[in-house]
Amino acid sequence: MKKLLTACLLSAAFGGFAASAMADDTQAALIHQGQDVATAADCQACHTAPEGGKPFAGGYEIHSPMGTIYTTNITPSKQFGIGNYTEEQFIRAVREGVRPDGANLYPAMPYTSYSHMSDADMHALYVYFQQGVKPVEQPNVETALPFPFNMRIAMAGWNMMYLDSTPFKPDPSKSEQWNRGAYLVNGAGHCDTCHTPRNLMMGSVTDKPLAGGMVGPWYAPNISSDPVSGIGNWSQAQLVEYLKTGRTAGKNQAAGGMAEAVQNSLQYMSDTDLNAIAFYLKNSTPVRDPRDTQAADTFGKPVNVEEGLRGAHPYNANKTIDNGAALFSGYCASCHQPDGSGSENQAYPSLFNNTATGMGNASNLISAILYGVDRQVGDHHVLMPKFGVGSYVGQLDDQQIADISNYVLKNYGNAAIQVSAQDVAVLRAGGPVTLLAKLQPFMAPAMVAGVIILLVLIFWLGRKRKTKAA
């Protein structure tokens, strides 16, 4: 009897340990799933400040047409982060853009795409941020947009017009790979947020999906399946290589926000998911820009800049760097080679057969010069110095950058495109300003005038009624 009791006790104890171990394994698997979702959603890129910022502690500046938006602390800090969020509150913030206090988030946080994420992924994401991320006790930087953009309540009306909260539903007529790609591109991965053009109210132009659009000073290019305007002439393997490494020889190399996406998100995603994204893009609705006559990566040829400069000035002449060719020779040719063919390993890419120089929009060429390129993939660090404000190589003015851009476009890219000093100035200031932002200084006076007119009208109608009564 004693032996039987001992056996029962041991069995219960080991059974309890086994159940506890299974629960721990399940929780660990859930945290791992949540980490994968956070990686696909690229949360770290926006919620981690550059140059030493702690993971997910916020403070990253997003320069929108309406003003600078600062990302928030999303660590499980109870004082500054999301440590007090219930799962329901967390899901509402991510999917609907509404904080626990009822205030609306700005759509710089891509909840318009995250709204399509599955319940399972949302649950895993919540568990990861509550249990798999270290709390950081770092206060948030207040976002203070000018009136009327500081009225967050207005976002409720914007959401009514532009937020599609329909959950993602697989298309039974499509393959599993296509559906996974659609979920990532239009949901967790939020590719559509940057690569779909915006209208006057900053809502997505849904009839031109993935057709390209400005994101600050950078241009997120057309990634629809069109072979001329989009990525239709890329192979599946080339797209996967680009997503994983940030570059594909003879096509493109990631800079700006795309470099951040590769560095913080895409390089860590599975080959299965990267192939699903590529497959979906290759089979997406093609959107052609009627101004495009040939694919961006088919422009240009080698042209040696030095041949046109030799003998142009005496060897001891001063102030000879006064045109695009001379500026290219002095600032660009040492890395991109005098003929524009790039370095042997293409870490400094060829300037011909390059979408940055062949597109009908020169913003990425200009911004690469202004802001440089900084991309870390594995142990491979790609760094092109900036030539804008604070350059340690040489600070160039707007006209000099325009001259270099025009030399590059004429010889290695789309010669039909011309860059002016004003074009450079716009990108140096953060990118094109929308009509809505241009009207901002007049909105407050217009509203005050409207209220005054309304009060005068009410007063006049009141006096008129009193006169009739008398």
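Q: Which side chain of opposite charge is nearest to the buried Arg152, which has no salt bridge?
A: In this predicted model, local features need pLDDT of at least 70 and side-chain atom pairs count only at pLDDT 80 or more, whereas totals for chains, interfaces and linings use all residues. Residues are numbered from 1 along each chain as its sequence is written, and side-chain values use heavy atoms, with hydrogens and water left out. With Lys and Arg counted as positive, Asp and Glu as negative, and His and the chain ends not counted, the nearest side chain of opposite charge lies 5.4 Å away and belongs to Glu142.

Q: Which residue has its backbone oxygen 2.8 Å from a polar atom of the Arg152 side chain?
A: Arg152 is found in the loop between α5 (119-132) and α6 (154-162); helices (H or I, at least four residues) and strands (E, at least two) are DSSP runs numbered from the N terminus. Leaving aside neighbours within four places in sequence, its contacts (heavy atoms within 4.5 Å) include Arg99, Ala103, Leu105, Tyr106 and Thr143. The backbone oxygen at 2.8 Å belongs to another residue in contact with Arg152, Asn104.

Q: How far apart in space are Met151 and Asn104, C-alpha to C-alpha?
A: Met151 is placed in the loop between α5 and α6 and is partly exposed, with a relative accessible area of 37%. In sequence, Met151 and Asn104 are 47 residues apart. Their C-alpha separation in space is 9.3 Å.

Q: What is the relative accessibility of Asp101, which meets Arg99 in a salt bridge?
A: Arg99, one of the residues in contact with Arg152, meets the side chain of Asp101 at 2.9 Å, N to O. Arg99 is partly exposed, with a relative accessible area of 27%. Asp101 counts as exposed because its relative accessibility is 56%.

Q: How many salt bridges does the structure hold?
A: Among them is the pair Asp289 and Arg291, whose side chains meet at 2.9 Å, N to O. Asp289 counts as partly exposed at 22% relative accessibility, and Arg291 is exposed at 70%. The number of salt bridges in the structure is nine.

Q: What percentage of the residues in the protein chain is buried?
A: The protein chain has 20 helices and eight strands. Among its contacts between residues at least 6 apart in sequence, 64% join residues at least 24 apart. Of the 470 residues in the chain, the buried share is 42%.

Methods. Buried < 20%, exposed > 50% of the residue type's maximum accessible area, 1.4 Å probe, protein only. Salt bridge = Lys/Arg side-chain N within 4 Å of Asp/Glu carboxyl O. Polar contact = N/O pair within 3.5 Å; in protein donor to acceptor, adjacent residues only side chain to side chain.
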